[in-house]
Amino acid sequence: MTAVDLAFDEQEYLPAVAQDAETGEVLMLAYVTEEALERTRETGYAHYYSRSRDELWKKGGTSGHTQEIEEVRVDCDGDALLYVVHQDGGACHTGYESCFYRTVDGEEVGEQVFDPDTVY
């Protein structure tokens, strides 16, 4: 499947960070399975695995806010992925451009780009 060995954890997950290809902003962190990574590579759109719902999902499947893949990178240990993406709409289900929209002190530093109540 890949030219490098991937070190999936004992539950068969790898963390995947999504980064905006144009701005470099970190958009989100999610998990992938081997199947999610295969689907991502086949379709050119980000797929992840929801641990809480126990299912494969395409980013934007409900909201329409997809992530088109520019490149998938793997870290030096083979235990994390970087999805370099072209984000259409907000990346966060809360309506923010990035899931990292607040500081540890609770200050909002990101921009809300859609109303989740009208999308979900």
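Surface patches are made of residues with over 30% relative accessible area and no salt bridge, with like charges joined within 9 Å and nonpolar side chains (Val, Leu, Ile, Met, Phe, Trp, Tyr) within 5 Å. In this predicted model, local features need pLDDT of at least 70 and side-chain atom pairs count only at pLDDT 80 or more, whereas totals for chains, interfaces and linings use all residues. Residues are numbered from 1 along each chain as its sequence is written, and side-chain values use heavy atoms, with hydrogens and water left out.

**Nonpolar patch**
- Val26, Leu29 and Phe100 make a nonpolar surface patch of about 270 Å², with accessible areas from the Shrake-Rupley method (1.4 Å probe; for residues, only the protein chains shown count as cover).
- Leu29 lies in strand S2 (residues 26–32); strands (E, at least two residues) and helices (H or I, at least four) are DSSP runs, numbered from the N terminus.
- Leu29 is partly exposed at 43% relative accessible area, a class between buried (under 20%) and exposed (over 50%).

**Strand pairing**
- S1 and S2 pair in the antiparallel sense over six bridges; pairing requires that DSSP find at least two bridges between two strands.
- Five residues separate S1 and S2 in a hairpin, and Gly24 in the turn has a positive phi of about 80 degrees.
- S1 also pairs with strand S6 (residues 81–87), in the parallel sense over five bridges, where Gln19 stands opposite Val84.

**Salt bridges**
- A salt bridge places a side-chain nitrogen of Lys or Arg within 4 Å of a carboxyl oxygen of Asp or Glu; the count is three.
- One of them joins Glu35 and Arg39 (3.3 Å, N to O), both in helix H1 (residues 34–43) and four residues apart.

How values were computed. Buried < 20%, exposed > 50% of the residue type's maximum accessible area, 1.4 Å probe, protein only.
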